[in-house]
Amino acid sequence: MAAPPRARDPQSVLFACAMNSVRSPMAESLLQHMFPQGLYVKSAGARKGELDPFAVAVMDELGQDISAHKPQTFEELEDWEGLNFDLIITLSPEAHHKALELTRTLAADVEYWPTQDPTTIEGSRDQKLAAYREVCDQLLMRIRRRFAKVGAASG
């Protein structure tokens, strides 16, 4: 089944993961920096977590400051501003199920990008940072691939 044309060129994107503390804030920041004016980007979690200091450190290496990010759930985001997104990109199974439930009442497309949770990695600080960097790199590659054509026509 072909995706509706609207999904190919979304105006607003929501990234979602389990706790909105690592993967989705990273993805939100990466996409926002790629399209500072062109896209409305937010992130949310199926549950509420605490912002992860390793995520902040890895994004800081790219010159992106996510230290002010406040993890929020789908429900909190809906209460504050509504869930008016063209595209919801889910990064964890839990968030994917939640997003699919929401599409019963929302006209949003949902894409599932299975993304490893780096918080499960054991080891030294360097080993943990390496896992977070890997997740960040994977997200950046997927975002570049997915959004390469967005905004290209508008010069």
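A residue counts as buried when its relative accessible area is under 20%. Cys 136 sits at 2%, so Cys 136 is buried. This structure is a predicted model.

**Helix H3**

- Helix H3 spans residues 53-61.
- Its buried residues are Phe 54, Ala 55, Val 56, Val 58 and Met 59.
- What do these buried residues pack against? Their partners are helix H2 (23-34) and helix H6 (125-147).
- Just after H3 comes Gly 63, with a positive phi of about 80 degrees.

**Cysteines**

- How many disulfides does a search of the whole structure find? The count is zero.
- A disulfide needs the two sulfur atoms within 2.5 Å.
- Cys 136 is likewise in no disulfide, with the sulfur of Cys 17 as its nearest cysteine sulfur.
- Cys 17 counts as buried because its relative accessibility is 2%.

**Aromatic pairs**

- The structure has three aromatic pairs. Two of them, Tyr 40 with Phe 85 and Phe 54 with Tyr 132, are described here.
- The ring centres of Tyr 40 and Phe 85 are 6.0 Å apart. Their planes meet at 25 degrees, so this pair is stacked.
- Tyr 40 belongs to strand E2 (residues 40-45). Phe 85 is in the loop between helix H4 (74-81) and strand E3 (87-90). The pair therefore ties together parts that are 45 residues apart in sequence.
- Are Tyr 40 and Phe 85 buried or partly exposed? Tyr 40 is partly exposed at 37% relative accessibility, whereas Phe 85 is buried at 5%.
- In the pair of Phe 54 and Tyr 132, the ring centres are 5.3 Å apart. The planes are at 35 degrees, so this pair is tilted.
- Phe 54 is in helix H3 and Tyr 132 is in helix H6, so their pair ties together parts 78 residues apart in sequence.
- Both Phe 54 and Tyr 132 are buried.

**A charge over a ring**

- Where does Arg 146 lie? Arg 146 is over the face of Phe 147, at 5.1 Å from the ring centre.

Terms used:
Residues numbered from 1 in each chain as written. Predicted model: local features only at pLDDT ≥ 70, side-chain atom pairs only at ≥ 80, totals over all residues. Heavy atoms only, no water. Buried < 20%, exposed > 50% of the residue type's maximum accessible area, 1.4 Å probe, protein only. Helix = DSSP H or I, 4+ residues; strand = E, 2+ residues; numbered from the N terminus. Contact = heavy atoms within 4.5 Å. Phe/Tyr/Trp six-rings, centres within 6.5 Å; stacked < 30°, edge-to-face > 60°. Lys NZ or Arg CZ within 6 Å of the ring centre and 35° of its normal.
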